[in-house]
Amino acid sequence: MNWGEIVFWVLSAGAIVSALLMVTRKSAVSSALSLVMTFCFLAGLYLTLQAQFLAIVQVAVYAGAIMVLVLFVIMLLNLKEERLTLGTDRKALIGTLGVIAIFAQIAAIIFANSNGLPPAISAKAAELGTVESVGMSLYSSFAFPFEMASVILIVSAVGAIVLAKKKLR
């Protein structure tokens, strides 16, 4: 087992543990912080797959901007610790069966692969994940769709402001 595989497995285990902590914590703030850790582990996994742009976007957008927004909402709502209720026995049984089915599928995918790791990345695929190649694609081949997405985002932001301002009156 080489260093790349060890890093991959450590980051994978960290992502799974932090994701489990996220769904099992009673405090909303603890769950949000566990989600930030999950995002960071995923960014590390993207780096092991040589997708630097996705790793940067993962940290900047999800771990940074969106989680700050989620934490502000949690603080504004002043959420207390929630009591964990599973509901009826029937719902718990269905949920347990669903979790077992998902883990069985994950195990089947892992064991179907000969060594349990994703296949090696080709050199061309590694070049596609860099910030430079994504930027070149956005500003050359996909310049028009990129500009149209920008216009749509601006229109939606202006529309949201107008709708929010109308409710204040």
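Leu128 lies in helix 5, which covers residues 123-128. Keep in mind that the model is predicted. Is Leu128 buried or exposed? Leu128 counts as exposed, because its relative accessibility is 58% and the exposed class begins over 50%. Setting aside residues up to four places away in sequence, Leu128 touches Ser133 and Val134. Leu128 also shows how a chain can fold back. Leu128 and Gln52 are 76 residues apart in sequence, yet their C-alpha atoms are 9.5 Å apart in space.

Follow the contact to Ser133. This residue is found in helix 6, residues 131-139. Ser133 is in contact with Glu127 and Leu128, once neighbours within four places in sequence are left aside. Ser133 has a polar partner as well. A polar atom of the Ser133 side chain lies 3.1 Å from the backbone oxygen of Thr130.

Now step back to the whole chain. How many helices and strands does the protein chain have? The secondary structure comes to 7 helices and 0 strands. Read along the sequence, the pattern is α-α-α-α-α-α-α. The protein chain has 169 residues, and 17% of them count as buried. Next, look at contacts with a separation of 6 or more. Residues 24 or more positions apart account for 60% of them.

Helix 2 runs over residues 28-48 and has 21 residues. From its first C-alpha to its last, helix 2 reaches 30 Å. That is close to the 30 Å expected at 1.5 Å a residue. At the start of helix 2 there is a contact between a side chain and the backbone. A side-chain oxygen of Ser27 reaches to within 3.4 Å of the backbone nitrogen of Val29.

Which residues of helix 2 are buried? They are Ser31, Ala32, Ser34, Val36, Thr38, Phe39, Ala43, Gly44 and Leu45. What covers these buried residues includes helix 1 (3-24) and helix 3 (52-77).

Take Ser31, which lies in helix 2. Why does Ser31 count as buried? Its relative accessible area is 15%, and buried means under 20%. Ser31 is in contact with Met22 and Arg25, leaving aside neighbours within four places in sequence.

Ala32 leads us to helix 3. Leu71 lies in helix 3. Leu71 and Ala32 are 39 residues apart along the chain, but their C-alpha atoms are separated by 7.1 Å. With neighbours within four places in sequence left aside, Leu71 is in contact with Val29 and Ala32. Leu71 counts as partly exposed, because its relative accessibility is 23% and the buried class is under 20%.

Val68 is found in helix 3 too. Val68 and Ala32 are 36 residues apart along the chain, and their C-alpha atoms are separated by 9.4 Å. At 41% relative accessibility, Val68 counts as partly exposed.

What comes after helix 2? Helix 2 is followed by Gln50. Gln50 lies in the loop between helix 2 and helix 3. Look at its backbone. Phi of Gln50 is near 60 degrees, a positive value in a residue other than glycine. Gln50 is partly exposed, with a relative accessible area of 37%.

Helix 1 and helix 4 (89-112) each supply at least two residues of the nonpolar patch. Helix 4 gives the most, with 6 residues. Met1 is found in the segment before helix 1. Met1 counts as exposed because its relative accessible area is 73%, and exposed means over 50%.

Notes
Residues are numbered from 1 along each chain as its sequence is written. This is a predicted model: local features need pLDDT of at least 70, side-chain atom pairs count only at pLDDT 80 or more; totals for chains, interfaces and linings use all residues. Side-chain values use heavy atoms; hydrogens and water are left out. Helices (H or I, at least four residues) and strands (E, at least two) are DSSP runs, numbered from the N terminus. The expected span of a helix is 1.5 Å times one less than its number of residues. Buried means under 20% relative accessible area, exposed over 50%, partly exposed in between (1.4 Å probe, protein chains only). Contact means heavy atoms within 4.5 Å. A polar contact is a pair of N or O atoms within 3.5 Å; within protein, one must be able to donate a hydrogen and the other to accept it, and residues adjacent in sequence count only if both atoms are side-chain atoms.
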